[in-house]
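Hi everyone, thanks for making time this morning.

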Amino acid sequence: MTASTAIRRGFFQRARGLAETLAWLRLCAVAGQALTVAVVAFGLRMPIALGPLALGIGVLAAFAAFAFWRLRQPWPVTLAEAFGHVAVDILVLAYLLYWSGGVENPFVSLLVMPIALAAAALSLRYVVAVALLASTCFVLLIGWHAPLPSLHEVRIAGSDLHVIAVCINFVVTAVVLAFFIARLSRALRAREAEVQRERERTLRDEGILAIATQAAGTAHELNTPLSTIRTLLAELQRERGGEPALAADLALLAGQAERCRDILRQLVEVGSRRLAGTPERLTLATFVDGCEHQFRLLRPEIALDIAFDGDAGERYIEAPPDLSHALINLLSNAADASLAAGSDAVELRLAATRSLVEFAVRDHGRGIAPGTGVAFRTSKRDGLGLGLALAHATAERLGGELSAHAADGGGLRQRLRLPLLANDNPPR
């Protein structure tokens, strides 16, 4: 996913967050308005336009039900649609205020609340539109409204009803704004952090793509000199094969040349399989056997211990070639860490459920201080700095994750978690 796609999705999420907030506020408003009208009309027996007010509350209740139904649908909520929800709330509130005294109503300041909520989630043009709509309704209510009996003449427990209504209005406004704007702001910060992560991921993937392109060109250029080296080594083995010391060195060089040829072939197979879009379907045991074979060729000095939890080895996985590279990179890093601490031990443990597999690679190195975390970059002086970054990118691209934690008893445990095909892995 590109950064622009992440930003666009962030707009949709902001709009949905506002729509959800308004839906719950609307539900509270319907309950509060119905209770207020009932208390005023039947408790205080004040002459108010009961029919029109009940109609307005009913319309708002119907729209609240529609809004909850809409939010359960998979379609994205656009900023324009969120603005429409705000506009409906303002117009219904203005209608209710018209039948209950207009600007003389102590609750007229509730027209400010939609502006505050819109400012926390919508773009500038929609915020301006919301402010203009609310202001227009307020101005119209100055001159056009149904009269409301004077609240100053009604006293409850010795207190002016108008003052009581103003206090209630202030408390409601303060609580609603504090709670819901804080909720919206928290959601917005989470969305911004997600967009930032997508930008960083895009930049990293662009760098990896550039490296991969350069590697493909380099592999093509290396084929000719490698063929020449293999030919010369074969001639030297024929001419000097009778010298035991030299013959051993020539055999070692020939083996390394064959290994380089195999690596180049694997690189070509990776590209061909990636273009064809056909990942290999293997059991975890078969996949790990292949990785173990390659790792032992690269690091014969390491004592690799592999263990499967339960029937994990029988689970199936779609294994693109870069997954084996990621696992071998983790094993190689663990080998370096163990050797630096005077140990040759590396452990690989696999655990699997129906939908998830975890590769846990543990070294016996110096580990990390508790709570310091691990950055996915190398600290080795002789490393290229790509192994962990490529492993992390592969995990994310396959829908998994890579994490690292201090292991009990010392060392570091890196966990590579990846999804499995549920259809190929029925519950046991």
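Let's begin with glutamate 401, which at 41% relative accessibility counts as partly exposed; on this scale buried is under 20% relative accessible area, exposed is over 50%, and partly exposed is in between, with a 1.4 Å probe and protein chains only. Please keep in mind that this is a predicted model, where local features need pLDDT of at least 70, side-chain atom pairs count only at pLDDT 80 or more, and totals for chains, interfaces and linings use all residues. Residues are numbered from 1 along each chain as its sequence is written, and side-chain values use heavy atoms, with hydrogens and water left out.

So what does glutamate 401 meet in a salt bridge? Its partner is arginine 417, at 3.3 Å from N to O. By salt bridge I mean a side-chain nitrogen of Lys or Arg within 4 Å of a carboxyl oxygen of Asp or Glu.

Arginine 417 also forms a salt bridge with glutamate 358, and there the closest N and O atoms are 2.9 Å apart. Both arginine 417 and glutamate 358 are buried.

Now step back to the network: salt bridges with shared partners join Glu358, Glu401, Arg415 and Arg417.

One more pair for you: aspartate 311 and arginine 315 meet through their side chains in a salt bridge, 3.7 Å from N to O. Which of them is buried? That's arginine 315, at 5% relative accessibility, while aspartate 311, at 22%, counts as partly exposed.

And the tally: by the salt-bridge rule, the count comes to ten. Thanks, everyone!
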